Amino acid sequence: MASHPYISGPGNIAQMVAYLRKNFPANVTSDTVKKFGLAPQNESYIINALQFIGIIDQEGKRTGPGHDVFVLGDDAFPKAFEGLIRAAYTDLFETRGEDAWTMSKPQLIGYFRATDKTSEIIGSRQAGVFMIFRALAGHESSDAAAVKTASTKSKQTKQKSTIAKPAKTDGVGKSASPVIELNSANGRRDMALTVRVEINLPAGGSKETYDNIFKSIRANLIDE
């Protein structure tokens, strides 16, 4: 049996920690996890992870060290939480030292599989739990940073590709685009301007309405 905690959705543990930092009851059981709506049918895995880092005992009672850490503010919490993780994962830190904070997920999977003789799936889940714990302790993994960077670049690229360049207009419903024409007489390139006018005629308009529209176009556009 695996000695290190694991769960298919380690993010549930991070959410549970956030809830307990707001209100840490004297007893935390699977029923407590259910009330928060976390990890349906897998509540016991969250309890096991909390017991592993020593914030609740085997009966689900809140421990003194757990209470002392969880009442700290955002500035002091990560460093104090780091102490809980070091104590819980003593074997990992004795083997890898400070490198444990920066080990990649494949490296962590290899370590947990070798230590607990687990399958690749369980080893991956064990690695996921440790990575959540170390992130809460203020140690963001290089893997997570790379994912964030790639995600940010992807969003920026997508935004750039979806921004359409506005067409040049003269403010009266006309779109103008430059056309380069070659003057065969002197070989020079002369700049000409082509103006396209779009007219939306009313479907129910009378002959008089249409006549007035075309008279207005002639007076204001063609004869300008």
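Predicted model: local features only at pLDDT ≥ 70, side-chain atom pairs only at ≥ 80, totals over all residues.
**View 1. Helices α1 and α3 cross each other in a right-handed manner.** Helix α1 covers residues 11-22, and helix α3 covers residues 43-52. Their axes come within 10 Å and cross at roughly 65°. On the α1 side, the contact is made by Asn12, Ile13, Met16 and Leu20. On the α3 side, Ile46, Ala49 and Leu50 take part. Of the residues in this contact, 6 are nonpolar and 1 is polar, with no charged residue.

**View 2. Gln41 has a positive phi although it is not a glycine.** The value is about 70°. Most residues other than glycine have a negative phi. Gln41 is found in the loop between α2, which spans residues 30-35, and α3. Is Gln41 buried or exposed? Gln41 has a relative accessible area of 73%, and a residue counts as exposed when this value is over 50%, so Gln41 is exposed.

**View 3. Lys117 is a residue other than glycine with a positive phi.** Its phi is near 55°. Where is Lys117 placed? Lys117 is in the loop between α7 and α8. Helix α7 consists of residues 105-116, and helix α8 of residues 120-136. The relative accessible area of Lys117 is 69%, and Lys117 is therefore classed as exposed.

Definitions and conventions
Residues numbered from 1 in each chain as written. Heavy atoms only, no water. Axes fitted to C-alpha atoms, helices over the stretch in contact; angles between N-to-C directions. Helix = DSSP H or I, 4+ residues; strand = E, 2+ residues; numbered from the N terminus. Left-handed = near helix turned anticlockwise from the far one by under 90°. Contact = heavy atoms within 4.5 Å. Nonpolar A, V, L, I, M, F, W, Y, C, P; charged D, E, K, R; others polar. Buried < 20%, exposed > 50% of the residue type's maximum accessible area, 1.4 Å probe, protein only.
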